[in-house]
Amino acid sequence: MAEQTQEQRKELETALARNPELAKQRVQTGVRELDEAADRRELARTWAKGRGLYAWLTNTEHKVIATRYIVTSFIFFLLGGIEAAVMRLQLARPESRVVGPDLYNQIFTVHGTTMMFLFAVPIMEGMALYLVPLMIGTRNVAFPRMNAYGYFTFLFGGLFLYGGFLLNVGPDTGWFSYVPLAGPAYSPGKRVDIWAQMITFTEIAALVGAVEIIVTVFKQRAVGMSLNRIPLFVWAQTITAFMIIFAMPAVMLASSFLASDRLIDTHFFNPAEGGDALLYQHVFWFFGHPEVYIIFIPALGFVSSIVVAFARRKIFGYTPLVLSLIATAFLGFGLWVHHMFATPLPQLGQSFFTGASMMIAIPSGIQIFCWLATLWGGKIRLKTPLLFVIGFIVIFVLGGLTGVMLASVPLDLQVHDTYFVVAHFHYVLIGGAVFPLFGAFYYWLPKMTGRMLSERAGRWNFWLMFIGFNLVFFPMHQLGLKGMTRRIYTYLPETGWGSLNLVASAGALIMTAGVAVFILNFLWARRRGEVAGDNPWHAEGLEWSTASPPADYNFVYLPTVQGRYALWEAQPDAPVVVGLKTDCREVLVTSVLDAEPGHIYQLPGPSIWPLMLAIATAVPFSFGIFTPKAFAVGAVLAFAAFFGWFWSNPDSENAEMRRTVAPEPPRTSAPADAARPPRPVEEGA
Amino acid sequence: MSAVRRNVIDVSEMPHHTFDVGEPVWWGNWGLLAIETTMFGIVVATYFYLRQNYQLWPPPLSTSPQPFDSLPDLTAATANVVLLLLSCLPMIWADLSARRGNQRGAQIALVLCLAFGVASMVLRAYEFRAVKFRWDANAYGSIVWFTLGLHAAHLLTTTLEAFLLTTWAWLREFDMKHRVDITVVAVYWYWVVIVWLPLYAMLYFVPRLG
């Protein structure tokens with residue numbers, strides 16, 4: 001008899017798996033009596049973080065992993081900032097001797113590499129990994145263990161770069177490491193090898209994060225959150241994730257080609273043997289230009305969220321905003337050659353890329369006007385997050401204007417490799433990404449920590465950064481026009497560049513003070529800040545319906561959504577999702593377009609295998625600079641780690657954890673069975 | 001107590017798995033394949049970019065008695081293409097068995113897949129030998145070795161994935177989770193075969209077309 005029911009159960013499982021329509025019919029609606037306190041208790045036990053080092057190393061919960069991403073990349077931001085400050089100190093006056101040329105080369109290379117690869121991309125993904133599951137109403141990302149793996153590879157990559165830098169083998173050929181300078185002939189030693197390998201494996205982390213975000217957004221949205229109701233922030237992060245998928249492979253190839261030219265004597269970039277130095281620039285910038293948008297589009301998501309919350313009205317032009325994000329993402333792939341106008345390219349090619357570069361102003365303009373229109377019709381509260389957004393609009397528009405100028409070949413040739421370009425891209429990147437990021441910190445940190453940051457310190461923070469930033473970078477336009485080339489470690493007094501450089505360096509001091517105010521504000525708020533409550537800004541997103549900070553399981557009952565502005569348009573009798581087990585980590589999978597219930601999805605609990613696999617990844621990429629044999633060793637280790645990953649049953653890990661936390665037997669529901677009556681009302685009461 | 005009456009959507013009777021578009025891991029796999037396809041796309045672009053630097057592609061051999069016979073040998077390569085295409089048959093069998101819940105079928109089919117995977121990697125070793133230049137001889141040798149190697153790495157990965165699922169299918173319960181996994185690995189396998197067809201054409205026939 002037992003055999004037979006087993007058999008029947010299997011047949012039913014197969015039938016349901018093969019026919020989603022049949023599965024959909026098994027959803028029941030109605031009114032239930034829910035014992036929220038009991039469910040909370042049990043969920044808290046199931047999702048508990050655990051204590052001790054082992055629990056720390058095995059954690060796979062998205063908020064924990066995302067916090068690690070954010071904290072780690074913020075530390076890299078501070079390190080990159082210190083490097084920038086040293087450069088400003090060196091350039092403050094002519095013929096300065098704070099650092100020598102060799103160290104200066106390392107500093108600007110590590111500064112650029114840190115800011116692009118170890119700060120900007122991971123911190124944006126960190127924000128996404130924290131907020132996206134909360135905004136779409138689920139409990140964890142789609143592949144929690146891959147997520148933990150991504151973090152560890154990113155961390156190892158960063159440590160590898162800085163380990164090299166501290167040992168005086170920091171890369172010294174610029175953040176894009178052009179050949180032939182970075183090739184084996186002109187850069188002997190291990191410096192560029194460290195750069196190339198670090199790129200390859202930190203990009204693994206970016207790619208893992210991107211797939212994570214896409215699948216989570218596609219498959220785990222709250223019931224009712226159809227595609228046209230996704231918050232703009234989530235749109236921005238999803239589009240960015242797609243850009244990462246199509247851009248990052250290029251840089252992985254560029255750095256792999258470079259590493260193999262250096263380590264095993266291939267000739268991809270060696271003109272003497274049929275290779276081509278320009279090939280490197282093409283492959284690199286095919287990634288490098290989209291990279292700018294990979295950093296910038298998430299920031300547009302921050303801006304949209306903040307504008308809506310502080311204008312206290314719905315966004316003006318949701319559809320045009322989404323479409324311009326998508327247009328920007330597409331155009332971003334057609335611009336890479338504008339970084340190469342100083343190379344011998346066909347005229348037709350140059351004109352094409354000039355046109356494409358100018359075209360990017362169209363979607364950017366649409367977005368700026370949509371935000372302005374939203375603010376225009378809103379009841380504005382000028383809090384710190386909105387201040388940063390306004391700062392973003394001002395700075396980014398200035399950076400955009402020089403961008404349109406640089407898109408024209410004759411001007412670009414004139415100012416190529418000068419401080420004009422340095423000014424331009426700092427306006428675009430700091431204005432376009434760092435200012436919105438700080439706005440996002442002020443906006444979402446109360447959610448993450450449960451405490452409000454000080455508004456007064458926030459204003460100091462903003463004005464110091466805003467004034468400091470403009471003092472640093474505005475004079476650089478002029479310096480560039482006067483002929484100061486980038487990456488020079490010093491200059492002569494006769495050049496007449498001294499006074500503007502001094503102004504820029506003074507600005508750097510002010511900007512540093514601004515960042516210091518932020519850190520102090522954060523530390524102060526952690527202890528003494530006003531308690532935030534669930535929704536301090538009366539904002540509309542689902543993340544504001546959770547506790548601050550959110551419980552480990554995010555939502556007691558997965559929410560349903562009735563409109564584009566989940567909380568503003570929530571109906572009082574809106575249903576919640578029940579029937580997910582509380583003694584293991586379950587979420588609901590929904591359909592891609594309309595977010596209708598699809599099936600239950602059991603997520604894995606804590607696991608040590610992500611760390612093991614990350615170590616297996618780090619071995620070939622770090623020891624590979626000494627011997628190619630490390631790759632064979634790494635492959636074996638990686639397979640061993642995969643084997644452990646595959647054979648460790650996620651649910652058993654969950655159960656094991658529950659046993660150590662609480663000895664009582666878990667409450668499970670019987671296996672799915674067609675004949676089983678709906679759960680009785682008394683249950684859980 | 002804190003019991004409250006609320007409107008609910010009860011999903012407790014819903015299944016834990018569905019095949020294809022319903023399943024997150026199916027999407028995750030496609031994310032990976034999108035990354036890998038992009039990678040191969042750029043490899044192809046690189047191949048043609050380097051091709052521009054040469055009058056003769058591949059360049060003539062300087063040491064051999066027949067200086068113009070530097071074309072890569074077709075035998076092992078073509079045998080491998082046929083083998084890879086045939087390897088889809090047991091994979092389709094494994095795929096269908098997994099969908100139908102036929103454990104025995106999946107077990108046998110997966111073992112056949114493994115045999116095909118290993119045979120294909122052996123033939124790949126001969127393909128490397130059939131290239132008349134080492135990777136460190138010139139840019140032609142570099143890109144050809146790189147392409148062969150990158151695809152071999154995928155071949156190895158998908159064979160190892162199939163190996164893990166084979167062990168599971170033989171040693172453990174034939175549960176829904178791993179049945180879904182088999183259908184997903186099947187997608188990966190088909191992709192490894194399909195992506196090879198243009199690469200094969202590029203590596204072996206672009207030189208012959210001049």
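Q: How do α6(A) and α9(A) cross?

A: In this predicted model, the axes of helix α6 (residues 101–136) of chain A and helix α9 (residues 232–263) of chain A come within 10 Å and cross at roughly 130°. Axes are lines fitted to C-alpha atoms, for helices over the stretch in contact, and angles run from 0 to 180 degrees between N-to-C directions. Helices (H or I, at least four residues) and strands (E, at least two) are DSSP runs, numbered from the N terminus.

Q: What does one call α6(A) and α9(A) relative to each other?

A: The two helices α6(A) and α9(A) are therefore oblique to each other. Angles under 35 degrees count as roughly parallel, over 145 as roughly antiparallel, 65 to 115 as roughly perpendicular and the rest as oblique.

Q: And which residues of α6(A) and α9(A) meet?

A: From α6(A), A:Ala128, A:Leu131, A:Val132, A:Met135 and A:Ile136 meet A:Phe233, A:Val234 and A:Gln237 of α9(A). Contact requires C-beta atoms, placed from the backbone, to lie within 7 Å. The residues of this contact between α6(A) and α9(A) divide into seven nonpolar, one polar and no charged. Ala, Val, Leu, Ile, Met, Phe, Trp, Tyr, Cys and Pro count as nonpolar, Asp, Glu, Lys and Arg as charged, and the others, Gly among them, as polar.

Q: Changing topic: how many residues does the contact take from chain A and chain B?

A: Chain A gives 70 residues to the contact and chain B gives 48 residues. On the side of chain A that touches chain B, the largest share, eight residues, comes from strand β1 (residues 28–35) of chain A. That side of chain A has 42 nonpolar, 14 polar and 14 charged residues.

Q: Does β1(A) run parallel or antiparallel to β1(B)?

A: They run antiparallel, and eight bridges join β1(A) to strand β1 (residues 3–10) of chain B. Two strands pair if DSSP finds at least two bridges between them. The bridge partner of A:Asp35 in β1(B) is B:Ala3.

Q: What is the order of the strands in the open sheet?

A: The three strands have the order β1(A)-β1(B)-β2(A), with mixed pairing. The edge strands, β1 and β2 (576–578) of chain A, each pair on one side only. Three bridges join β2(A) to β1(B), and these strands run parallel.

Q: How are residues and chains numbered or lettered?

A: Residues are numbered from 1 along each chain as its sequence is written, while chains are lettered from A and ligands numbered from 1 in the order in which they are written. As this is a predicted model, local features need pLDDT of at least 70, side-chain atom pairs count only at pLDDT 80 or more, and totals for chains, interfaces and linings use all residues.

Key. Contact = placed C-beta atoms within 7 Å.
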